[in-house]
Amino acid sequence: MSEIIYTKGRESQLVNQYNEIKAMIDNECSVRDVLLLAVSKLKPASDIKILYDHGVRQFGENYVQELLEKSELLPKDIKWHFIGGLQTNKCKDLAKIPNIYCVETIDSLKKAQKLNEARAKFQPDAPVILCNIQINTSHEGQKSGLLNEDEIFEVVKYFLSDEVKHIKLNGLMTIGSWNTSHEENAGENKDFATLANWKQKIESKFAINLKLSMGMSADYKQAIKQGSSEVRIGTDIFGTRPPKNEARII
């Protein structure tokens, strides 16, 4: 693994921004642990290494190819979360990454099946991949995620079946609507309330415990108030992202 170099100035900037967000999260939630997932999409490997050297081990990526390349360059004890839209034909690529930790965007039975099969084939001795079922709580047509109760229950049943050895149901994930997340003084976020209701419904039916992944830079404080186990923060830690065609890994 080649050495990844970064400047002291960038190190100071990122560490300070990460610590500031972490302190706010800890202040919002003193009674339970909430994971601060550093979303590093379109940011260079050097940015990730800065936070890694600061002690951070969990990072979120949105693009499979970018995650593949970064996982090759960076330390193998990083716990990678895939949080982008998942195509069925990309499940095998994710499954090949030994230290893929969580796939948060399972939105069909077929994708769960493909991920389990690919892990069994390509990395049978690697850790089980945690998975979140993505639910479209805002009912927006452009959003990924399941809506139908029968389909959601079907995916849950698959995860709980004896045939599934290489993936494990971890929780539920949603991306709230932009308008709801950016309303001033909005109070309860209806999309987060919907996900929390799904959690209760599924836990009651299947006698399991689920985590919630909801909340990003604009709305993470409200997400924590409504029970989120994890918030996905990118811009507030790493700054504005470059256009995808200008992003560099090294």
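Trainee: How much space lies in the second largest pocket, and how should I read such a value?

Mentor: Rolling a probe the size of a water molecule over the atoms shows where empty space is left. In this structure, which is a predicted model, about 210 Å³ of space lies in the second largest pocket.

Trainee: Which residues lie nearest the centre of the second largest pocket, and which elements give two or more residues to its lining?

Mentor: The lining is made up of 15 residues, and those nearest the centre are L35, Y101, N170, K211 and E230. Two or more residues come from each of the strands β4 (100-106), β5 (129-134) and β7 (211-213), with β7 supplying the largest share, 3 residues. Sorted by class, this lining holds 6 nonpolar, 6 polar and 3 charged residues.

Trainee: What is the volume of the largest pocket, and which residues are closest to its centre?

Mentor: The largest pocket has a volume of about 370 Å³. Its lining counts 21 residues, and I175, M216, S217, R232 and R241 are the closest to the centre. By class, 7 of the lining residues are nonpolar, 8 are polar and 6 are charged.

Trainee: Where is I133 found, is it buried or exposed, and which residues does it touch?

Mentor: I133 sits in strand β5, and it counts as buried because its relative accessible area is 0%. When residues up to four places away in sequence are not counted, I133 touches I106, L146, V155, V156, F159, L169, G171, L172 and M173. For a distance through space, I133 and L109 lie 9.8 Å apart, C-alpha to C-alpha, with a separation of 24 residues in sequence.

Trainee: Which residues of helix α3 are buried, and which elements do they pack against?

Mentor: Within helix α3, residues 64-73, the buried residues are V64, E66, L67, K70, S71 and L73. The buried residues of α3 pack against α2, β2 (58-61), β3 (79-82), α4 (91-95) and β4. Helix α2 also holds S46, which counts as buried because its relative accessibility is 15%. Leaving out residues up to four places away in sequence, S46 touches I4, I5 and Y6.

Trainee: How should I read a positive phi, and what is the phi of L42 and of A207?

Mentor: Most residues other than glycine have a negative phi, and most peptide bonds are trans. L42, although not a glycine, has a positive phi of about 65°, and A207, also not a glycine, has a positive phi of about 55°. L42 belongs to the loop between β1 (35-39) and α2 (45-53), whereas A207 belongs to the loop between α8 (190-206) and β7. With a relative accessible area of 9%, L42 is buried, while A207, at 71% relative accessibility, counts as exposed.

Trainee: How far apart are N245 and L42 in sequence and in space?

Mentor: They are 203 residues apart in sequence, yet their C-alpha atoms are 9.3 Å apart in space. N245 lies in the segment after α10 (235-238), and it counts as exposed because its relative accessibility is 70%.

Definitions and conventions
Residues are numbered from 1 along each chain as its sequence is written. This is a predicted model: local features need pLDDT of at least 70, side-chain atom pairs count only at pLDDT 80 or more; totals for chains, interfaces and linings use all residues. Side-chain values use heavy atoms; hydrogens and water are left out. Helices (H or I, at least four residues) and strands (E, at least two) are DSSP runs, numbered from the N terminus. Buried means under 20% relative accessible area, exposed over 50%, partly exposed in between (1.4 Å probe, protein chains only). On a 1 Å grid over the protein atoms alone, a cavity is a set of points where a 1.4 Å probe fits but cannot get out, and a pocket is an open set with protein on both sides within 12 Å along at least five of seven lines; lining residues have an atom within 4 Å of a point. Grid points are joined across faces, edges and corners, and a volume is the space filled by probe spheres set on the points. Ala, Val, Leu, Ile, Met, Phe, Trp, Tyr, Cys and Pro count as nonpolar, Asp, Glu, Lys and Arg as charged, and the others, Gly among them, as polar. Contact means heavy atoms within 4.5 Å.
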